[in-house]
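Work through the exercises below with the sequence and the model at hand. Try each task before reading its solution.

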Amino acid sequence: MAYQQSSGGFRPRTNGDSRPGGSRFGGSRSGGSSRGRSSGGSRGPVKKYINPSKFINHATPKAEEIAYVPTHNFTDFAFGSKLQHNIDKKGYESPSSIQDQAISHILEGKDVIGIANTGTGKTAAFLLPIIEHQTGVSLRPSVLIIAPTRELAQQIDEEFRAFAQGLDLYSALVVGGMPAERQIRDLKRRPHFIIGTPGRLKDLMNRRHINLENINTLVLDEADRMLDMGFLPDIRAIVTETPRERQTLLFSATITPEITAIINNFSKNPVTVSVRTSETNEHIEQDVIEARDKTHKVELLTEMLQDRTLYDKVLVFGETKFGVQRLSDHLDNSGISSIAIHGNKNQSQRARALKQFKDGRVRVMVATDVAARGLDIPNVSHVINFDTPQTYDDYIHRIGRTGRGGASGHAHTFIDSRR
Ligand code: AMP
């Protein structure tokens, strides 16, 4: 065996630079330095060097975590009885931190900036008060929700449908990668909510299938990701078509100068609600694994994943669409049930892959960053960075897929042993 397994994972590289367990996310973020890039996926700029010590963190034991004590119950909010019923039915017992802090402001009609990443419950934080507001609204479409990826938009739409049951509120999902005909048909029915990704929204807007003159609420979800992916011009073009008199809600995991500019541009006297992002990462056990070269990485990974009990539900990140597919095929051929998710797959293939992984029919999903962005997959036991991420922010987003909802999670990052 080339790697050494200890009780908690793999033996970290401890050279002079390394500070095992010393990296805490709050203080070591790379800030705005990565924000200039405009392309998604593998076309990004030269990869930034990230000190391997940042990939090491000894998890905070559960017992030491201070549970968030909400100041509200869901019943404290002025939600109608059907909406309260749907919240119960979804199994939400008490508000998460972002919900607890944002819902009242949104119900009051204020613009809100939510600094929160995926996994904090931000979707319900904006959906619930908006649903409450829209009940009975006749000028439609009245709500526009823009998200960076198809999968995220789809998840928002699914959550919307669950919360809006029996309320006579409807949505159209407007995303790329699937035929536009059905979306156009849905739009013709004048839904209350349009939930979509910037490219397809702008396309259908230009083709006059979307009329935004009655929009009273605009949500920009994962705004930092949307800027990273180069969507700013599309977003500007879309938002310009909405009335100035509207409520604007913007969610972002990070606040950079570019995000501040958007906030100043699009919102009026917003209230800022912040959920500490490190909360979701400190309990993730993070370690590095040294490998000589790609072949060695594949060998090590294959060997690790043979342990079905330990590596129960694993998300592996690779850099390129081609590499991700090849790695997934290799694992599959080695008897490790695996599926790939990347931009060369169409929407229904991606949705099917995601479902197979979510349902536990395949144990390993190999993904590119763009394909995996914003995905809500319960119970991921391990995130493995087969290729190191482009930036430290990407790293944070990747490992945020494990250790959800207070479960313990593990992240392993392959690094070059020859460095
Ligand atoms: P999000 O950050 O919106 O992607 O939500 C992450 C996950 O937490 C989703 O599976 C939600 O359904 C779930 N969730 C959100 N709010 C609550 C809550 N108050 N109670 C229990 N689960 C929740």
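**Exercise 1: the open sheet**

Task: give the strand order of the open sheet of six strands and the sense of its pairing.

Solution. Step 1: the order reads β8-β13-β12-β9-β11-β10, and the pairing is parallel. Strands (E, at least two residues) and helices (H or I, at least four) are DSSP runs, numbered from the N terminus. Two strands pair if DSSP finds at least two bridges between them.

Step 2: β8 (284-291) and β10 (338-341) are the edge strands, each pairing on one side only. From one strand to the next, the twist averages 20°. Axes here are lines fitted to C-alpha atoms, for helices over the stretch in contact, and angles run from 0 to 180 degrees between N-to-C directions.

Step 3: within this sheet, β9 (residues 314-317) and β11 (residues 364-367) run parallel and are joined by four bridges. F317 has A367 as its bridge partner in β11.

Step 4: helix α14 (residues 392-399) lies across β8, β9, β12 (382-385) and β13 (409-416), at about 150° to β12.

The model is predicted: local features need pLDDT of at least 70 and side-chain atom pairs count only at pLDDT 80 or more, while totals for chains, interfaces and linings use all residues. Residues are numbered from 1 along each chain as its sequence is written, and side-chain values use heavy atoms, with hydrogens and water left out.

**Exercise 2: strand β1 and its partners**

Task: find which strands pair with β1, and which way its residues point.

Solution. Step 1: β1 pairs in the parallel sense with β6 (residues 247-252) over four bridges. In β6, L249 is the bridge partner of V112.

Step 2: β1 also pairs in the parallel sense with β7 (residues 271-274), again over four bridges. There the bridge partner of I113 is T272.

Step 3: in β1 (residues 112-115), V112 and G114 point one way, whereas I113 and I115 point the other way. In a regular strand the side chains alternate between the two faces of the sheet. All four of these β1 residues are buried; buried means under 20% relative accessible area, exposed over 50%, and partly exposed in between (1.4 Å probe, protein chains only).

**Exercise 3: T248**

Task: is T248 buried or exposed, and what does T248 touch?

Solution. Step 1: T248 lies in strand β6. Its relative accessibility is 2%, so T248 counts as buried.

Step 2: leaving aside residues up to four places away in sequence, T248 touches D111, V112, L218, F266 and S267. Contact means heavy atoms within 4.5 Å.

Step 3: the side chains of T248 and R246 are joined by a polar contact of 2.8 Å. Such a contact is a pair of N or O atoms within 3.5 Å; within protein, one must be able to donate a hydrogen and the other to accept it, and residues adjacent in sequence count only if both atoms are side-chain atoms.

**Exercise 4: salt bridges**

Task: how many salt bridges does a search of the whole structure find, and which residue forms one with D394?

Solution. Step 1: the search finds 13. A salt bridge is a side-chain nitrogen of Lys or Arg within 4 Å of a carboxyl oxygen of Asp or Glu.

Step 2: D394 forms a salt bridge with R225, with the closest N and O atoms 3.2 Å apart. This pair links distant parts of the chain, D394 in helix α14 and R225 in helix α7 (residues 223-228), 169 residues apart. D394 is buried at 2% relative accessible area, and R225 is buried at 1%.

Step 3: R207 forms a salt bridge with D203, the closest N and O atoms being 3.5 Å apart. R207 is partly exposed at 42%, and D203 is partly exposed at 31%.
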